[in-house]
Each structure stands twice: as C-alpha cells, then as structure tokens.
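Here is a short briefing for a first look at a protein and its ligand. Keep the sequence and the 3D view open while you read.

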Amino acid sequence: MSTIEIIDVGKVFTRRNGAQAQRVTALEHLDLKVEHGEFVTLVGPSGCGKSTLLDILAGLSTPDLGQVLVDGERIEGPGLQRSVVFQQYALFPWRTAAANVEVGLESQARGRGGASRAERRARAVEYLGLVGLQGFEDRYPSELSGGMRQRVAIARALAHEPQVLLMDEPFAALDAQTREQLQDLLLQIWARTGTTIIFITHGIEEAVYLGQRVAVMSGRPGTIKEIIDIDLPERSVVDDIRSTARFGEYRHRIWQLLHAPHSPLAAGATSEAPVPAGAAA
Ligand code: ADP
C-alpha cells in the first residue's frame, strides 16, 4: 500500500540578490491525498511550486510547514519506494541503456536480499522491453533519440518496482508525436503495474489525458485550487479521445481555473517579500 497524504504543506525559499534577501513563498496550505494505485496529474502555471512539491514528495527537500505522509509515515529522505523521472533524462552517459536501468537495482542489492548480477541484467532487459526498447540494451545514451532516452529513464524508475512513481514534466522536451506515444506507453505500464503515479505538467491536455484526477494548482504561492475527477472511457477504446466533446469540456474547465481573474498571478499580486535585515538564513 502507498497512500500519500500532503497535509497543509508550506515551503518558503530565501533568495539572495547581492546584500538583499527576499523570501519566496513557493507553497502555502497545500493539501492533497493520493490513494494507492491512483494516477493523479498536477497542473499549474510555471513557477507555482510544482517541482518544489515533487522534490518534497521525493524526499529531496523538506516542507517548512505541514507534513507529507506515505502510509501514515513521515517522509525522511529519498527512498527506492518513490522513484522520480525528471524532464531531463539524467542518464549516466558512460553506462549502456541496460546498465542505466540497473542503477536502482544495484542500490537495492546493497541492502539485504537484493538481486544478483544476472538477475539485475534480466530485470533491466525485461523493463527495457516493457518500454519498447528490446534490442537497445547495449546502446549508450548518445546513441539514442530523446524519446528513447526518456524510455530508458522510465524503465530505470520502474525496474526496482517502486510503489510510487513521481514524474516532473517528463515528456516536456519531446516532440508532440513522441510525447503522445510515451503518454500511451505510460498508461499501459500503469494498468499493468498498478504503481501510484503523481505526474506534474503544465500541459492541460496532458493532465486530462493521463489523470484519473487532475489537481489544479493556483499561481504562486502554490496551493490546490480544485481537484477534477476525469470520467472518460479507456483511451485505448475510443479513437482520438482528445477531440471528443467531453475531453474538450474538461480541458476548458481547467483552462478557466488557470486563467481565473482572481488567480494570484492574474491579479499581479506577489508572494515575494523582503526579508528583514539579519533574518535571512
Ligand atoms: P514550477 O515547477 O511550478 O515551475 P518551482 O517549484 O520550480 O515551480 O518554483 C516555485 C517558486 O519557488 C519559483 O518562484 C522559484 O523561483 C522558487 N524557487 C524554487 N526553488 C528555489 C530555490 N532553491 N531557491 C529560491 N527560490 C526557489
């Protein structure tokens, strides 16, 4: 099980500009509960704190206020149970595709009961197959296209079978056609593995296409403005679901939320405040 509870989370950064320091409230009173096996997308304007939230969920950063619980336990740092896929592929250039996928398995092997070398290779080959890269196991990242590299990153994130997959705009750098292919691939993998997925995007269509629920964030300081249940037929059953009226309604509803006149960004309000002298960290 892996229920994630984000409770009243706040995060403030101090930004230095010469002798001046400014406080930036990135997240404020953010609440969200994600159930085991759910696919939730988070959409929000640039700079609203999406990556900040993902870093907290990954255990790479800690909230200044509130807490994040996984199955009732506070996150104490990064863990193999929560895998992250970033926008940039972050593969080791000196390792082959298979050796990149084995990275998480090697960390696991250092603990008790990890897989042997042969088992790790077999698992890497299996997961590269799952993302459609059979035959590319021994290629280096420089010999792969952007889409293929991101497939390797997904295989690497999944190979040690994490309970939660955290994705930070993983397809943003890809061309439209490759992006759509990988969206479908991700939905197939999710159906097969049952992994809980939290997927961050600033693309409204992507959020609607992938998510069972779309959490819409406000402009900075980021908080959850509204959560929308997406009730659409199986993507594989309906041809070109993106052009259906229902899909368009969801897309428009989210667009309206993101462009609402009272949104902090639209109002020109700021969440940046000078830090009193001597108070900067
Ligand atoms: P998003 O992912 O939604 O584009 P981010 O989470 O990257 O937004 O950033 C939210 C806000 O916090 C932005 O104003 C950003 O400049 C600020 N911020 C993020 N990380 C830091 C940091 N390490 N130091 C100072 N400010 C930061």
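The protein chain exposes about 13700 Å², and carbon and sulfur atoms supply 49% of that area. Accessible areas come from the Shrake-Rupley method with a 1.4 Å probe, and for residues only the protein chains shown count as cover. This is a predicted model, in which local features need pLDDT of at least 70 and side-chain atom pairs count only at pLDDT 80 or more, while totals for chains, interfaces and linings use all residues. Residues are numbered from 1 along each chain as its sequence is written, and side-chain values use heavy atoms, with hydrogens and water left out.

**The chain as a whole**

- The secondary structure comes to seven helices and eleven strands. Helices (H or I, at least four residues) and strands (E, at least two) are DSSP runs, numbered from the N terminus.
- The protein chain has 281 residues, and 47% of them are buried. Buried means under 20% relative accessible area, exposed means over 50%, and partly exposed lies in between (1.4 Å probe, protein chains only).
- Take the contacts between residues at least 6 apart in sequence: 71% of these join residues at least 24 apart. Contact means heavy atoms within 4.5 Å.

**Around the ligand**

- The side chain of Arg15 has an N or O atom 2.8 Å from an oxygen atom of the ligand. A polar contact is a pair of N or O atoms within 3.5 Å; within protein, one must be able to donate a hydrogen and the other to accept it, and residues adjacent in sequence count only if both atoms are side-chain atoms.
- Ser51 places a polar side-chain atom 2.9 Å from a ligand oxygen. Gly49 uses its backbone: an N or O atom there lies 3.0 Å from an oxygen atom of the ligand.
- Taken alone, the ligand exposes 560 Å², and the protein buries 67% of that.

- α5 (176-193) has 18 residues. From first C-alpha to last it reaches 26 Å, close to the 26 Å expected at 1.5 Å a residue. The expected span is 1.5 Å times one less than the number of residues.
- Asp175 caps the N-terminal end of α5, with a side-chain oxygen 3.2 Å from the backbone nitrogen of Gln177. Just after α5, Gly194 takes a positive phi of about 70°.
- Buried residues of α5 are Thr178, Leu182, Gln183, Leu185, Leu186, Leu187, Ile189 and Trp190. Their cover includes β3 (39-43), α3 (117-130), α4 (146-159), β7, β8 (196-201) and α6 (204-210).
- Phe171 is found in the loop between β7 (164-168) and α5. Phe171 counts as buried because its relative accessible area is 0%.
- Leaving aside neighbours within four places in sequence, Phe171 is in contact with residues including Arg179, Leu182, Gln183 and Leu186. Phe199 and Glu206 are also among them.

**His160**

- His160 is found in the loop between α4 and β7. It has 8% relative accessibility, so His160 counts as buried.
- A polar contact of 3.1 Å joins the side chains of His160 and Ser83. Not counting residues up to four places away in sequence, His160 also touches Leu80, Gly104, Leu105, Gln108 and Arg123.

**Backbone details in loops**

- The peptide bond from Arg220 to Pro221 is cis, with omega near 0°. Pro221 sits in the loop between β9 (213-217) and β10 (224-229).
- Asp71 has a positive phi near 50° and is not a glycine. Its place is the loop between β4 (65-70) and β5 (73-74). At 38% relative accessibility, Asp71 counts as partly exposed.
- Asp240 has a positive phi of about 45°, although it is not a glycine. Asp240 is found in the loop between β10 and α7 (245-258).
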